[in-house]
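Welcome to this short tour. Open your viewer, keep the selection tool handy, and follow along stop by stop.

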Amino acid sequence: MKKAVWLLIIIFITVWAISTLFPMYWMFQTAFTPEEEISTFPPKLLPSHLTLQNFVELFKSSLIWNWIINSVLLSVGITALSLLVCSMAAYAFSKLQFPGKRWMFTAIVATILVPAQVTLLPTFLIVSKMNMLDTLWAIIIPSIASPYTIFMIRQYMLSIPTDYIDAARIDGASEFNIYWKIILPMSKPVLAASAIFTFISSWNGFLWPLIVLNSAEKYPLTVGLATLQRQHLVQYGLQMAGATVSALPMIVIFFAFQKYFIRGLMSGGTKG
Amino acid sequence: MKRRMWAGILFVLPAMVLFVIFKFTPAVMAIIMAFQEYDIWGIKWVGFENFKEIFTWPDFYIALKNTALYTAIIVPKNIFIALILASILMKLRPKFQSIYRAAYYLPTVTAHVVIALIWGWLLNASFGPVNAFLQKLGLQPVPWLVDPNIAMWSIILTDLVIAPGSGVILYMAAMSSIPKSYYEAAELDGASEFVKWWKITVPLVRPTTLYLAISYTIVAMSIFDKIYVLTGGGPGNATVTMVYLIYNTAFRDFNYGQASALSVVFFAIAVVISIFQFRRLSQSFEFGG
């Protein structure tokens, strides 16, 4: 192809990359800019010097430690329990025979088609009946059973040869040991991908925690940051420092596990 | 054999119990509650009363219009841009591919709340960087989020300028599985780059297009976090969307019956659109494989 055409194409994809990343850049830029310099006109692309002042202020004046701990507890709790429960179900759906298997699987996959927003209110009423409101359990327990995770893990397990299982059975292994010692280790790639997706979506969840939590010290980061914004309307240094605290761990996870990400996305997309 | 059957039941049991409590029961409840007046005073059957109220409620039409506008602009943009960007990236060397792919995907791992906080700052009317930039160019500052006639467009704009990261990755995966021989055959016939793209690539990635159309539509229709942070549905009710209205009706006004009726309408619209997209895009699937 001609050089000029290629140049235009490179400019096109680069402009999209810049406009996609610019808001993230601006978050970091503001977070590390001294508060008095943030609203100067015209705004500077780079601050005159970097400062941690906004972070110091944030950790002093808000409940951010609580929010970080809550976000970690939630995300770790949901990820661990969800992976356990969903991989068990996925194993049964892919390798075991039992009555009702077909319709149970169909019913589970069908829930993918019902957006969570539709069942928001009834789920809230159920959680409230179970006396879980304003506790982290209200977020963890309803998030454990995920149709996406079951579907994704099952697809992978279907490709594991049944010979391994039969051989273990002949050796007298219990059904639980077959699952725990043979199937799970062989499913590591899909478990890793599911874990990353579950962790990130729990970390980033907002609407459900907003509804079931009342006390500020129980909020996860997302909800905490939204209240922070309402209290400090134009203290953007503070807000962007908070945004950075929430975004940075996910960015690190993304770069550390990029290959699992892409594999996970593809298994969800091309087979779903 | 019996042991294996029991094992199967025990293995699915925890998941099934959770699905029954937190997915199946709420779905049934949502439909039942839509026909009830359900508030702090108690529960009574009202037939289609909730639906009648919704359809004569001005806020419902504002929410419907805003949600439709946002979805109708963002979904085609996401699909089209993802297709173009993926097609270009496929021609690059693997190293550049992964750099650009990572750049496009990065905001996808960040909370909507965080992205919305950043845009609230970028679009601040009096001293936000975007208006400062416009003034430097000698243009008038724009009251992005404070003018009710502009606010919804501003929210659309914040998503319009972001590349659709997951779409790019899925299209690239689909494109890399198209056999090279198809393109070689077309080259023998003297087909141009564009003809090859339009006649081979685009039809063969149609299953991905279908998947993206349906999933992007559901996500776009459910827009909430951004509205909550950026405008709170305002100014006035200029930027309320369907889910924002459901949230307000249920958790601010405690009008559970009407909120359930809204949820049912919302779900019905989502289903109808999905079916329509499936019909339109699944044709010639047998060719796509």
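For counting charges, Lys and Arg are positive and Asp and Glu negative, while His and the chain ends are left out; each charge is placed at NZ of Lys, CZ of Arg, CG of Asp or CD of Glu. What you have open is a predicted model, in which local features need pLDDT of at least 70, side-chain atom pairs count only at pLDDT 80 or more, and totals for chains, interfaces and linings use all residues. Residues are numbered from 1 along each chain as its sequence is written, chains are lettered from A and ligands numbered from 1 in the order in which they are written, and side-chain values use heavy atoms, with hydrogens and water left out.

**Stop 1: chain A as a whole**

Select chain A and colour its charges: there are 17 positive and 10 negative side chains, and the centres of the two sets lie 12 Å apart. Now switch to cartoon view. Chain A has 15 helices and zero strands, where helices (H or I, at least four residues) and strands (E, at least two) are DSSP runs numbered from the N terminus. Its radius of gyration is 23 Å, well over the 19 Å from the globule rule for 272 residues, so chain A is more spread out than a compact globule. That radius is taken over C-alpha atoms, and the rule is 2.2 Å times the number of residues to the power 0.38. Along the principal axes, the C-alpha atoms of chain A fill a box of roughly 75 × 65 × 35 Å.

**Stop 2: Ser82(A)**

Select Ser82(A), which sits in helix 4 (residues 64–95) of chain A. Is Ser82(A) buried or exposed? At 0% relative accessibility, Ser82(A) is buried; buried means under 20% relative accessible area, exposed over 50%, and partly exposed in between (1.4 Å probe, protein chains only). Leaving aside residues up to four places away in sequence, the contacts of Ser82(A) include Ser143(A), Thr149(A) and Thr198(A), a contact being heavy atoms within 4.5 Å. Ser143(A) is 61 residues from Ser82(A) along the chain, yet their C-alpha atoms are separated by 7.4 Å.

**Stop 3**

Most residues other than glycine have a negative phi, and most peptide bonds are trans. Go to the loop between helix 6 (120–129) and helix 7 (137–143) of chain A, where you will find Asn131(A). Asn131(A) has a positive phi of about 60° and is exposed, at 69% relative accessibility. Asp134(A) lies in the loop between helix 6 and helix 7 of chain A, with phi near 65°, but Asp134(A) is buried at 14%.

Next, jump to chain B and select Gly234(B) and Pro235(B): the peptide bond between them is cis, with omega near 0°. Pro235(B) is in the loop between helix 12 (225–230) and helix 13 (242–251) of chain B.

**Stop 4: salt bridges**

How many salt bridges does the structure hold over all chains? There are ten, each a side-chain nitrogen of Lys or Arg within 4 Å of a carboxyl oxygen of Asp or Glu. In chain A, show Asp166(A) and Arg169(A), which pair at 3.7 Å, N to O. Both lie in helix 9 (residues 162–170) of chain A, three residues apart, about one turn of the helix.

Finish in chain B with Asp159(B) and Lys226(B), whose closest N and O atoms are 2.7 Å apart in a salt bridge. Asp159(B) is in helix 7 (residues 151–160) of chain B and Lys226(B) in helix 12 of chain B, so the pair ties together parts 67 residues apart in sequence. Both Asp159(B) and Lys226(B) are buried.
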